[in-house]
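Subject: Structure for you to look at

Hello,

Here is the structure I promised to pass on. Please open it and keep it in view while you read my notes.

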Amino acid sequence: MDWSKIKTIFIITFLILDVYLLFQFMKIRDANKYEVITETSLEDKLKADEIKIDVELPKAAIKNQYLSAQPGKFSKSDAAKLKGQKVVINESGTTITADLENPIQLSSKFEPASLADFLKEKILYGEDYQFWEKDDEKKTITYFQQYDNFPLYQNMNGMIIFTLNEDNQIMKYQQTHIEGIEKLTAKEDVLLQPMKAIETLYQKGVLKPKSKITKVELGYSTLIQLAASQVLAPTWRLVVDDKENLYVNAFEGQIIEFGSNENLGAE
Amino acid sequence: MSLRYSILASGSTGNALYVESDEHSFLVDAGFSGKQMESLFGQIDRDISKLSGIFVTHEHSDHIKGIGVLARKYKLPVYANEKTWQAMESNVGVIPTEQKFVFNMETVKSFGSVDIESFGVSHDAAEPMFYVFHHSGKKLVLITDTGYVSDRMKGTISNADVFIFESNHDVQMLRMGRYPWNIKRRILSDLGHVSNEDAALAIGDVVGDQTKRIYLAHLSLDNNMKDLAKMSVAQTLESCGLIVGEQFELYDTDPKIPTILTAV
């Protein structure tokens with residue numbers, strides 16, 4: 001065969017192959033150029049998992065700071081102020097246990113407002129506390145102390161537990177009270193947005209699919225328990241389906257799990 | 001005749017301690033740039049060029065950042081142990097041989113009436129060591145950057161007039177904080193840093209009749225607070241029967257502002 005013909009056939013063949021490959025390359029490159037890498041937003045993820053936020057979230061930046069506080073001590077003169085109650089103060093002076101001489105009858109559907117006057121008039125520092133929950137199984141009503149209208153979540157050193165009898169009457173209560181609440185650091189810091197707290201709870205699998213966030217609230221939880229005082233950190237509380245409470249440290253974004261074995265009056 | 005000191009700055013962003021007698025003046029660590037070190041000296045109205053030497057504790061950058069610049073610019077002698085010299089060589093740049101001195105661990109060097117004693121600590125550095133300044137029966141101790149305080153260390157530092165003592169973090173704040181787990185583990189380890197509570201327990205073991213002032217130093221910016229450190233240490237000491245304000249005072253230190261020059 002003629003060598004020059006072979007050469008020509010080779011050149012033409014490879015030229016056609018090159019044109020084909022170039023065409024393929026351009027096609028792939030163009031396709032990639034218009035491919036937008038989209039990351040699913042948190043809102044979309046929540047929507048996909050049917051998680052609803054049924055509350056208006058604060059959007060403005062909120063500044064806050066750590067607090068320090070000590071367990072308050074009750075004195076005999078404090079006890080003497082409590083009329084119509086048999087009062088016992090524990091050894092360390094931090095817990096009052098009071099039996100009511102005249103039990104308070106509650107209506108079948110408890111409304112916190114019905115105890116407002118009793119708290120104000122018959123309980124030491126009663127206005128410092130806000131209603132937390134009524135537990136029908138344990139037959140208790142719990143109030144936690146507040147600071148500047150922010151609740152001190154699950155704080156055993158600042159709570160009142162009322163005990164009910166079978167007839168739905170308040171028979172007795174136990175009380176602790178936090179005092180000397182002070183801002184710990186001179187400088188305020190911006191809190192994480194509640195949406196960030198929701199993101200953390202979602203990412204960690206704590207916020208389950210098909211759940212509904214029904215309340216978002218800012219308060220304080222105990223970050224550090226020292227020998228004679230405690231440090232309180234700003235904390236987001238998210239209520240899920242009107243029953244489950246989830247807590248996130250509003251500075252650091254960590255999920256807070258309160259111990260279940262804490263007792264009233266623990267120091 | 002007295003020994004005077006100023007904690008020029010203390011924290012993870014940089015550390016420096018100035019100590020002087022009537023005849024000599026010393027700098028322990030220079031964890032800031034040359035300009036920043038000059039500014040800190042300006043704030044206590046002292047002249048860097050008059051230093052008798054710079055004493056290095058270990059090669060971490062918050063302790064050596066300004067060593068090379070100061071040594072070259074002011075022709076200052078620099079003292080460190082052999083392993084620390086090797087470890088920091090590449091970071092401090094060239095220091096003329098005649099300015100480089102070896103100060104080994106567990107040894108004493110005398111400068112006039114001041115004896116400077118070195119002792120080892122437990123930290124993730126080549127051969128970390130800190131210093132005790134002795135002068136006319138008085139004693140100033142600097143101990144930071146240690147994962148724990150051993151009985152041996154306690155024996156060396158006990159009953160000082162002044163303690164500059166690490167109180168790096170609150171364990172709960174560290175655990176709650178945003179640091180990656182490996183960093184948290186490092187800080188909490190025996191080669192890391194002393195927490196507020198551990199500092200208090202160690203302080204409780206080493207304070208004596210002579211102790212007048214305790215400075216809480218190397219406070220973490222992210223995992224501690226001045227108020228918290230003081231509160232935590234004071235309460236732990238109180239539970240050991242040592243009341244702050246009765247025999248000794250407790251102070252915090254700042255990452256940027258020098259303490260006033262104070263006599264031991």
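Predicted model: local features only at pLDDT ≥ 70, side-chain atom pairs only at ≥ 80, totals over all residues.

Start with chain A. It splits into domain 1 (1-37), domain 2 (43-66 + 182-256) and domain 3 (70-180). The centres of domain 1 and domain 3 of chain A are 86 Å apart, taken over C-alpha atoms.

Next, the two chains touch. On chain A, 14 residues are in contact with 14 residues of chain B. The chain A side has eight nonpolar, five polar and one charged.

Now turn to chain B. Seven strands make an open sheet there, in the order E7-E8-E9-E10-E11-E12-E13, with mixed pairing. Its edge strands are E7 (108-111) and E13 (249-252), and each pairs on one side only. From one strand to the next, the twist averages 20°. E7(B) and E8(B) (residues 114-120) pair in the antiparallel sense, over four bridges. Lys109(B) stands opposite Ile116(B) in E8(B).

H8(B) lies across E11(B) and E12(B), at about 155° to E11(B). H9(B) touches E12 and E13 of chain B, and its direction makes about 155° with that of E13(B).

How do the axes of H8(B) and H9(B) cross? They come within 8 Å and cross at roughly 45°. That angle is why H8(B) counts as oblique to H9(B). The crossing is right-handed. The contact between H8(B) and H9(B) has seven nonpolar, four polar and one charged residues.

Best wishes

Key. Residues numbered from 1 in each chain as written. Chains lettered and ligands numbered in written order. Domains from an automatic or database assignment. Contact = placed C-beta atoms within 7 Å. Nonpolar A, V, L, I, M, F, W, Y, C, P; charged D, E, K, R; others polar. Axes fitted to C-alpha atoms, helices over the stretch in contact; angles between N-to-C directions. Helix = DSSP H or I, 4+ residues; strand = E, 2+ residues; numbered from the N terminus. Parallel < 35°, antiparallel > 145°, perpendicular 65-115°, else oblique. Left-handed = near helix turned anticlockwise from the far one by under 90°. Pairing = 2+ DSSP bridges.
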